[in-house]
Amino acid sequence: MQTKQDRALIAREFEELRKASLKRCANQEECDTVQRAFEFADEAHKDMRRRSGEPYILHPIAVATIVVKEIGLGCKSIVSALLHDVVEDTDYGMEDIQRLFGSKIASLVDGLTKINIAFDSGQSQQAENFKRILLTLGNDVRVILIKLADRLHNLRTIEFIPRHKQAKILSETMYIFIPLAHRLGLYAIKSEMENIWFSYSLPEEHARIQEKLSVVTSTRNDAINLFLTPLSEILDQIGYPYTLTTRVKTPYSIWRKMQTKGIPFDQIYDIFAIRIVFEPKPDMDERTQCFHIYTGITKKYLSKSDRIRDWTNKPKSNGYESLHCTLMGPEGNWVEVQIRTKRMDEIAERGVAAHWAYKDNILYESEIDKLIEQVRAVLEDPNANALEVLDRFHTSLLSPDIYVFTPKGETCSLPKGSTALDFAYAIHSAIGHQAIAAKANHKLVSLNYVLQPGDQIEIITADAQQPQREWLDFVKTPKARAAITEALKAEVTDHLKKGQLILDEKLAALGVQPKARVLRKLMEAYKQNNRDALYSGIGTGIIDLSDLQKVLKQNKPNKNVSYWRLGFPKINATVKKRFALQENPLEKTLSYRAAHCCRPIPGDQIMALKQDDGEVLIHKKSCPVAIQDAARFGDRIVEAEWQKHIYSSFLVRISIRGIDRLGILNDITQYVALVLSINIRKVIVETHDGIFEGHIDLYVHHAEEVDRLMKNIQKIQGVEFVSRTDLKDI
């Protein structure tokens with residue numbers, strides 16, 4: 001039962017939504033529909049509560065509020081958000097929604113409803129659910145926008161969710177929803193999702209960066225004000241109505257840049273950015289006016305010419321338009337300045353949804369059509385494996401676009417990294433099937449030639465040509481992959497069956513069962529990503545099984561022998577999973593091993609994922625492989641935590657860079673070995689032009705020991721930068 005306090009809270013939250021909806025509803029009838037939807041959802045969810053203890057109806061209200069205030073959608077989307085959980089969680093059905101609110105809203109609600117379906121064995125339920133959502137995207141992009149709002153509110157209340165379920169939600173968010181928000185231009189939502197992922201996945205690193213950010217913000221305020229005052233005077237003289245704001249880089253963005261660039265916090269120079277948003281004059285081109293302002297402010301401030309980014313002439317794939325420049329501040333610091341019109345700013349913050357406010361913007365239609373076309377290409381084969389659909393869609397979201405030209409000068413947009421063959425299939429499937437070579441800027445190139453921005457591409461075809469299996473190794477776009485796969489389907493099926501039969505017979509002759517652990521070992525040995533690739537390679541003769549017995553007997557590669565001798569003994573982590581039985585629950589300890597892709601050590605934030613054979617892989621939470629697998633197989637996440645075990649050593653790599661001087665290497669190694677008593681395995685250092693850089697592989701007991709080591713090495717004269725590096729290649 002709901003209390004008086006519950007009813008008062010619900011009334012306040014809905015009143016905020018109602019007021020916001022007035023700006024988006026076209027007439028009183030639409031306002032009344034929002035009211036009816038609230039009353040219907042409120043009655044349907046009246047006896048339900050969330051994990052936080054709050055009345056459940058507050059969730060649909062919050063989602064609808066995000067939809068209208070942060071994304072900017074209209075009446076039908078607001079109503080659909082209010083109703084999005086009714087069919088799944090109550091006794092009402094889709095026919096009730098259609099009868100009360102019409103077919104369009106029912107269609108949106110249907111796309112948002114999680115439907116329990118029978119899943120193929122070995123496939124991820126999350127992947128199947130996401131595939132089902134994607135099938136609705138071709139009809140209405142608002143389904144995805146409302147879904148993003150739903151995910152955002154779930155993240156805002158993630159503290160009330162059990163820890164192992166948090167890992168599933170966070171991994172899904174990082175793998176699919178954050179790239180999706182980026183592709184749709186929802187910058188504010190993307191940034192908030194990233195920071196929630198960061199604060200829950202890597203809380204210690206988040207707190208460390210947040211603390212440093214607070215110090216920098218407080219110390220640099222005066223410098224920013226010194227920069228802003230003359231800037232305001234210049235803008236007043238130019239004569240545009242404008243607003244000046246300061247943007248502070250988010251903790252996640254800082255951490256991400258530190259990881260990708262391999263630099264410390266102190267070398268992040270774009271923590272602050274100044275944003276100029278102005279009202280353009282109607283009789284002038286907006287891009288020209290942006291450069292007019294740029295010309296005016298660079299009379300006062302020195303501009304870094306190689307850091308000008310003009311997205312007013314060629315917007316980003318998500319529609320983002322802005323002119324970025326980097327200017328020298330009064331204290332010698334470089335400051336990024338973003339110049340954009342009010343329209344550009346709305347699109348930059350609210351992305352796709354903002355385009356609806358500018359119906360004459362052709363870019364809106366072309367970008368949405370492009371996204372929908374990509375989804376259709378991914379889903380072209382209705383029998384496609386759901387995991388494959390998920391991974392292809394993820395790849396298409398992350399790939400920035402480049403522009404190339406046809407022989408007649410027509411523009412063609414393709415993901416970065418696309419090949420000449422991708423271009424052929426983008427023109428027409430028939431051209432792709434018959435392609436034998438290409439010309440890039442009138443020069444003959446192969447079909448796997450990687451396109452460069454501005455290339456003019458001509459495809460050479462032959463009637464006798466047919467799609468080749470090896471084409472799948474280098475095509476980038478979902479459309480090309482789907483077309484090739486469809487053409488090869490019958491041939492591939494034969495190869496798969498033949499390869500599986502050959503392998504089963506050879507394993508049987510050796511007295512070995514084709515279990516998951518055996519197949520995984522063979523996939524690793526023959527460098528195949530999945531079973532189908534393994535079977536297909538055997539069936540086509542690409543994979544030679546003459547050394548099968550030797551492969552089955554071999555252990556870890558020799559280069560890891562010394563590492564695994566000290567190794568990761570099974571008592572280093574306790575991995576537990578609850579098995580719900582009818583009588584009483586019991587806990588079972590599972591065997592585990594550390595993942596090669598990220599090699600976690602005690603003290604690292606970890607995620608554990610159960611494999612087909614029951615073994616558990618331990619990853620760092622920030623590991624891209626872990627994020628991908630958790631997004632695909634969320635039901636396999638198990639709870640894991642490190643036990644204190646000081647007798648085991650773990651191999652880590654420390655990368656170092658600095659100014660070369662006589663004896664610096666000796667100072668570093670002496671300090672590590674003699675002062676800190678840490679065992680060094682290998683040292684590799686190179687010097688050039690007075691700079692040295694290299695890495696040290698050494699054995700430690702805990703991540704805290706690594707942090708302490710790096711802080712002390714940083715103090716040695718000449719050392720400029722120290723960081724922990726992944727051990728993928730060891």
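Buried means under 20% relative accessible area. The model discussed here is predicted.

Q: Is Phe-38 buried or exposed?
A: The cut-off for a buried residue is under 20% relative accessible area. Phe-38 has 8% relative accessibility, so Phe-38 counts as buried.

Q: How are the rings of Phe-14 and Phe-38 arranged as a pair?
A: A search of the whole structure gives twelve aromatic pairs. In the pair of Phe-14 and Phe-38, the ring centres are 4.0 Å apart and the planes are at 10 degrees. Planes under 30 degrees apart count as stacked. The pair is therefore stacked.

Q: Which helices does the pair of Phe-14 and Phe-38 link?
A: The two residues are 24 residues apart and belong to distant parts of the chain. Phe-14 is in helix α1 (residues 4–22), and Phe-38 is in helix α2 (residues 28–44). The helices linked are α1 and α2.

Q: Over which ring does the charged end of Lys-304 sit?
A: A charge over a ring must be within 6 Å of the ring centre. The charged end of Lys-304 is 5.1 Å from the centre of the ring of Trp-334. The ring is that of Trp-334.

Note on methods
Residues numbered from 1 in each chain as written. Predicted model: local features only at pLDDT ≥ 70, side-chain atom pairs only at ≥ 80, totals over all residues. Heavy atoms only, no water. Phe/Tyr/Trp six-rings, centres within 6.5 Å; stacked < 30°, edge-to-face > 60°. Helix = DSSP H or I, 4+ residues; strand = E, 2+ residues; numbered from the N terminus. Buried < 20%, exposed > 50% of the residue type's maximum accessible area, 1.4 Å probe, protein only. Lys NZ or Arg CZ within 6 Å of the ring centre and 35° of its normal.
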